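Me: I have a structure here that I have never looked at before. Can you walk me through it?

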Amino acid sequence: MTYTGNVNRFQNCLNEQVFIVYFSSKSSFLPVKVMQTWSLVSICVLLGVVVRWGVSLNSYSGAGKPPMFGDYEAQRHWQEVTYNLPLQEWYFNTTDNDLNYWGLDYPPLTAYHSWICAYIAKTINPEWVELHRSRGYESPAHKLFMRATVLVADLLIYIPAVVLYCLYLTDGSPKKKVSTLFCFLLYPGLILIDYGHFQYNGVSQGFALWGVLALGLGWDVSGSMAFSLALNYKQMELYHALPFFCYLLGKCVKLGLMGRGLFLLVRIAVTVLVTFALCWLPFLSDLNQALQVVRRIFPVARGLFEDKVANTWCSLNLLIKIRSILPSQSQLYLSFACTLLAVLPSSIRLLTKPTFWQFKLALVNSSLAFFLFSYQVHEKSILLAALPVCLLLNDLPLMVIWFLQASSFSMLPLFLKDGLLVPYVVTSLAFLFFSIYLLSALEHSSEEELRLGAYHKLLFCLPKMDLACIVRWKFYISVAAMAGLSIASVVLVPPPHLPDLFPVLVSTTACLHFLGTFIYFNIVQFSGPPSRKSQKKNN
Amino acid sequence: MAAPVADSRSWFPALALGVSLLKCLFISCYHSTDFEVHRNWLAITHSLPVSRWYYENTSEWTLDYPPLFAWFEFGLSHVAQHFDRNMLLVENLNYASPSTVLFQRLSVVFTDLVFIYAAKECCRCVQEQKSSRDVLNRPSFVLAVLLLWNFGLLIVDHIHFQYNGFLFGFLLLSVAKHLQSQHLQGALLFSVLLNLKHIYLYVAPAYGIYLLRSYCFTQDNKDGSVRWRSFSPLRLLALGSIVTSTCALSFGPFIVMGQLPQVVSRLFPFKRGLCHAYWAPNIWALYNVLDKSLATLGVRLKLLEEAELPKASMTGGLVQEFQHSVLPSVSPSVTLVCTLLSILPAVASIWWRPCGARGFLRCLLLCALGSFMFGWHVHEKAVLIAILPLSILAVESREDAGIFLVLSTTGHYSLFPLLFTPAELPIKVVLMLLFTIYSVTALRKLHRGQGSLLHPLEVVYLLGLIAVAITCEIVFPLSPWQQKLPFLPLLATSVYCSVGVCYSFLRLYISLLRREEKPKQP
């Protein structure tokens with residue numbers, strides 16, 4: 001979709017609203033309709049909030065597990081550090097700041113966020129952020145405070161972005177949009193990590209989503225600013241950086257690098273630079289400061305992968321022990337080369353065809369490529385791939401639901417460690433059922449709707465077969481396998497010589513799913529754009 | 001009665017599954033002492049012989065529900081032993097291991113299946129005015145949401161902890177059976193319900209008179225009055241045998257053991273005060289406030305001596321009797337007379353002018369509300385007995401929808417003090433908003449083109465609840481009065497809500513009497 005196309009779409013939406021409001025004065029039927037849409041939207045948001053809060057009543061990572069505790073303690077510790085120490089010491093190892101105990105390793109915006117939270121914490125109860133003495137502080141009131149900070153951040157940044165995206169950038173009737181919104185908000189992975197395990201992914205993902213939203217509406221400059229903020233909150237947002245870059249560059253080239261395109265390019269570049277400069281301002285006075293922050297943010301010394309993560313390296317580890325064969329330097333190069341190879345096709349495609357549809361797909365492909373092949377990946381990083389996949393909920397329901405389910409499943413070992421079994425089961429079941437039911441995913445899975453036409457061209461030698469039916473059956477089998485493995489991990493005791501049997505099985509299964517989805521979304525990106533006709537039929 | 005809509009019934013399981021999953025999310029929420037009450041009953045019924053059930057008093061939470069409920073707990077305890085045997089020991093007071101919590105919470109979620117089935121039956125009974133293409137706009141859909149997602153049931157059962165959903169299931173199922181003209185089944189279900197929890201005795205007059213008038217008398221005169229000749233002794237016998245056999249099954253063993261007086265004394269503890277620790281929003285809340293303010297005014301004007309006034313903290317949190325200072329004190333017998341007087345016109349009206357099953361439903365509502373308004377030691381949760389059946393009427397007529405909005409909003413808001421822990425504050429606020437937003441918009445859309453549902457004054461009153469909520473939940477705890485007058489928010493809540501409940505009671509009465517003038521309702 002072109003620039004003007006997007007703007008038109010937005011204006012159509014506005015016109016629709018205006019139209020309805022205009023007629024509302026004449027008959028009593030139409031305002032009810034508008035009100036109904038808005039009441040449905042608010043009901044979805046409220047349901048999203050109640051599910052989030054329900055999950056947050058459960059345990060968090062590292063609850064009552066000294067000496068290191070978990071991510072919850074890390075966030076609390078950052079509040080303690082940022083509140084009590086001068087900014088120059090935040091990223092340095094000093095007597096008051098032991099970097100080996102949850103040292104700050106996120107970009108400055110995270111630090112500022114912690115600092116604001118710390119001020120509020122201080123006014124409620126100074127013990128929560130007392131230097132040194134508050135280490136490992138746990139109490140019901142403190143947990144309530146921490147959970148509330150996550151909810152507030154979500155309500156301010158993530159949820160409005162989701163609402164606006166679903167209302168303005170998805171096709172279909174109001175009811176369809178609301179259904180998409182509901183499923184988007186109900187995605188279990190993000191809820192369980194942010195409100196169960198404890199992190200602030202909603203903030204960085206929310207900024208990225210604001211970026212996508214702005215780009216979709218044609219506001220490229222504000223979009224690049226929002227995305228810069230996301231990058232400055234969490235460096236992992238780099239997974240999404242390439243598509244943003246390629247989309248904006250491609251668009252500038254299309255507008256003509258000698259005329260309006262150049263102007264746009266300069267404006268975007270200046271915006272990005274200014275945003276970065278503002279975020280890093282306190283650290284720019286001294287080069288050493290800035291370098292130290294960068295060193296903290298990109299710890300290359302931590303190895304190819306940790307724990308059991310569902311990416312290629314960890315799964316390959318079953319067959320080839322790469323970590324023992326290759327020196328760590330070559331591991332870094334190898335993973336860099338693989339990642340580059342994997343993102344290249346989709347990026348080039350986007351560069352030559354900078355439409356919003358291609359942009360969404362490129363976001364998926366790039367973040368999946370990074371997750372599957374890059375260096376030092378955490379299992380939680382799959383959330384970065386899940387966000388752009390959620391953007392496609394309305395377009396490719398079955399595949400998206402399948403992927404999202406697999407992504408929450410891939411974090412199962414983590415949830416079990418944190419004592420989040422009940423919320424995992426409840427939210428997964430709810431998401432699976434309602435997304436399939438509301439988006440009628442199983443009915444909308446014909447070959448055309450799955451956009452698998454190109455697949456036939458690719459494998460022309462194979463006999464004709466009903467791809468849609470095969471996909472549906474694969475979906476059933478895979479859901480059954482995930483359910484089976486989940487039950488097995490909870491109920492069965494692994495044999496003594498294979499203590500990690502179930503985590504490995506889980507991560508390998510999930511990895512296979514991710515590889516499959518990666519290939520699928522690449523095929524979709526290289527096949528034609530969605531035909532308007534099939535879109536209309538879906539509605 | 002419209003034929004049940006055949007197409008796209010799949011929304012009902014979706015709604016039911018959604019709410020059941022939401023209930024499971026509340027497993028680790030705060031639970032009240034009722035959790036321990038029911039754990040104790042599990043232990044009593046599991047480990048003691050039947051003869052000791054109503055004598056056991058190791059815990060202060062003695063068994064005070066009728067015998068069928070005890071048998072229900074007995075059945076549950078056989079599942080419970082697979083979760084955690086220790087919860088079944090009578091001496092294990094305040095035992096709440098994770099698996100005990102899981103079992104008890106899940107038992108509520110699963111016994112709610114009765115309620116879900118009842119809601120489904122109720123949805124089959126509502127009149128579909130026109131087959132709307134939009135599922136969201138069908139009366140049956142709206143009714144299903146109003147019943148299944150009822151705010152009060154969610155917080156009382158799944159956070160506060162009780163088995164009301166299971167019990168209301170029987171009530172609604174019996175109402176649905178009456179609406180479907182299957183009176184014997186309805187009577188059976190109601191007598192089972194009475195033997196599960198005797199609080200439903202409040203609505204028994206409506207059942208008794210309705211069944212006698214409209215079931216035992218098979219024909220009316222032309223002017224609608226009763227035709228005495230058409231009395232059918234066979235039907236009366238059938239009804240009587242159903243009721244007596246259920247009661248015999250439930251109370252029989254205790255009668256045989258000669259324990260009936262003990263059981264009855266446990267079931268009706270009149271030693272408690274006029275009002276619960278937290279005043280239910282009824283007439284007596286207003287009466288207490290009037291008394292308090294008169295006393296204060298009297299002292300100010302030097303008409304009363306402060307030393308002569310009886311000292312009693314009315315909302316100090318203790319369940320005890322107390323005396324009013326200016327107005328005459330109220331005794332249980334007075335409340336009984338008031339209750340009977342308040343339900344008498346309603347019962348009389350279905351005798352003189354029966355308006356079918358819907359008239360019966362209206363009478364049942366008035367009985368429930370009347371006893372809530374005037375009863376002795378009423379719990380705020382009892383307002384649900386009126387709100388849930390009123391949902392059925394609300395989707396069928398505009399006037400009832402207006403009453404429903406006032407009653408459900410005030411009644412539900414008055415449940416807020418049940419959950420006082422800060423962690424549950426967002427849940428109760430969000431769920432309340434959810435239910436209120438949905439009920440307002442859905443009922444408005446359902447009755448569109450028939451004028452507005454609420455009078456502007458009613459809207460102002462309901463919006464005032466927001467102010468009360470903000471003051472009580474946020475401003476007050478931060479103000480210096482929190483230490484001096486800790487009960488003030490409770491008092492404000494119950495007084496403010498009692499105005500709304502009284503108002504809906506009067507509106508319902510007016511609607512019943514008006515209907516009497518023109519009994520021909522479709």
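Reply: Let's start with a term. Buried means under 20% relative accessible area. By that cut-off, buried residues make up 57% of the 522 residues in chain B. Keep in mind that this is a predicted model.

Me: OK, staying with chain B. How many helices and strands does it have?

Reply: Chain B has 20 helices and 0 strands.

Me: And what are the spans of its C-alpha trace along the principal axes?

Reply: About 65 × 60 × 45 Å for chain B.

Me: What does the radius of gyration of chain B say about a compact globule?

Reply: It agrees with one. A compact globule of 522 residues would have a radius of gyration near 24 Å, and chain B has 23 Å.

Me: What share of the contacts in chain B comes from residues 24 or more positions apart?

Reply: That share is 77%, counted among contacts with a separation of 6 or more.

Me: Switching to salt bridges. How many are there over all chains?

Reply: A search of the whole structure finds 18. One of them joins B:E396 and B:R358, with the closest N and O atoms 2.6 Å apart. This pair links distant parts of the chain, 38 residues apart. B:E396 is in the loop between α15 (384-394) and α16 (398-413) of chain B, and B:R358 is in helix α14 (residues 356-374).

Me: Is B:E396 buried or exposed?

Reply: Buried. Its relative accessibility is 17%, and the cut-off is under 20%.

Me: Which residue does B:D400 pair with?

Reply: B:D400 forms a salt bridge with B:R362, and their closest N and O atoms are 2.8 Å apart.

Me: What about B:E399?

Reply: The side chain of B:E399 meets that of B:R514 in a salt bridge, at 3.5 Å from N to O. B:E399 lies in helix α16 and B:R514 in helix α20 (residues 488-517) of chain B, so the pair ties together parts 115 residues apart in sequence. B:R514 counts as partly exposed, at 45% relative accessibility.

Me: Over to chain A. Which residues are linked in a network of salt bridges there?

Reply: A:E73, A:R76 and A:E80.

Me: Now the interface. How much area do chain A and chain B bury between them?

Reply: About 2,700 Å², with 81% of it on carbon and sulfur atoms. The contact takes 28 residues from chain A and 31 residues from chain B.

Me: Which helices of chain A each supply at least two residues to its side?

Reply: α2 (29-56) and α20 (421-438) of chain A. α2(A) gives the most, with 16 residues. By class, the side of chain A that touches chain B has 22 nonpolar, 5 polar and 1 charged residues.

Me: New topic: A:S407. Where does it lie?

Reply: A:S407 lies in helix α18 (residues 397-410) of chain A. With 0% relative accessibility, A:S407 counts as buried. Its side chain makes a polar contact with the side chain of A:Y187, at 2.6 Å.

Me: What else is A:S407 in contact with?

Reply: Leaving aside neighbours within four places in sequence, A:S407 is in contact with A:I382, A:A386 and A:F514, as well as A:Y187.

Me: Last topic, the backbone. Where is the peptide bond cis?

Reply: From A:P66 to A:P67, the peptide bond is cis, with omega near 5°. A:P67 is in the loop between α2 and α3 (71-84) of chain A.

Me: What is the phi of A:W102?

Reply: Positive, about 50°, although A:W102 is not a glycine. A:W102 is found in the loop between α3 and α4 (108-124) of chain A. At 24% relative accessibility, A:W102 counts as partly exposed.

Me: And A:Q376?

Reply: A:Q376 has a positive phi of about 60°, and it is not a glycine either. A:Q376 is in the loop between α16 (356-373) and α17 (382-391) of chain A. A:Q376 counts as buried, at 14% relative accessibility.

Technical notes:
Residues are numbered from 1 along each chain as its sequence is written. Chains are lettered from A and ligands numbered from 1 in the order in which they are written. This is a predicted model: local features need pLDDT of at least 70, side-chain atom pairs count only at pLDDT 80 or more; totals for chains, interfaces and linings use all residues. Side-chain values use heavy atoms; hydrogens and water are left out. Contact means heavy atoms within 4.5 Å. Buried area is the accessible area (1.4 Å probe) that two parts lose on being put together, summed over both. Helices (H or I, at least four residues) and strands (E, at least two) are DSSP runs, numbered from the N terminus. Ala, Val, Leu, Ile, Met, Phe, Trp, Tyr, Cys and Pro count as nonpolar, Asp, Glu, Lys and Arg as charged, and the others, Gly among them, as polar. The radius of gyration is taken over C-alpha atoms; the globule rule is 2.2 Å times the number of residues to the power 0.38. Buried means under 20% relative accessible area, exposed over 50%, partly exposed in between (1.4 Å probe, protein chains only). A salt bridge is a side-chain nitrogen of Lys or Arg within 4 Å of a carboxyl oxygen of Asp or Glu. A polar contact is a pair of N or O atoms within 3.5 Å; within protein, one must be able to donate a hydrogen and the other to accept it, and residues adjacent in sequence count only if both atoms are side-chain atoms.
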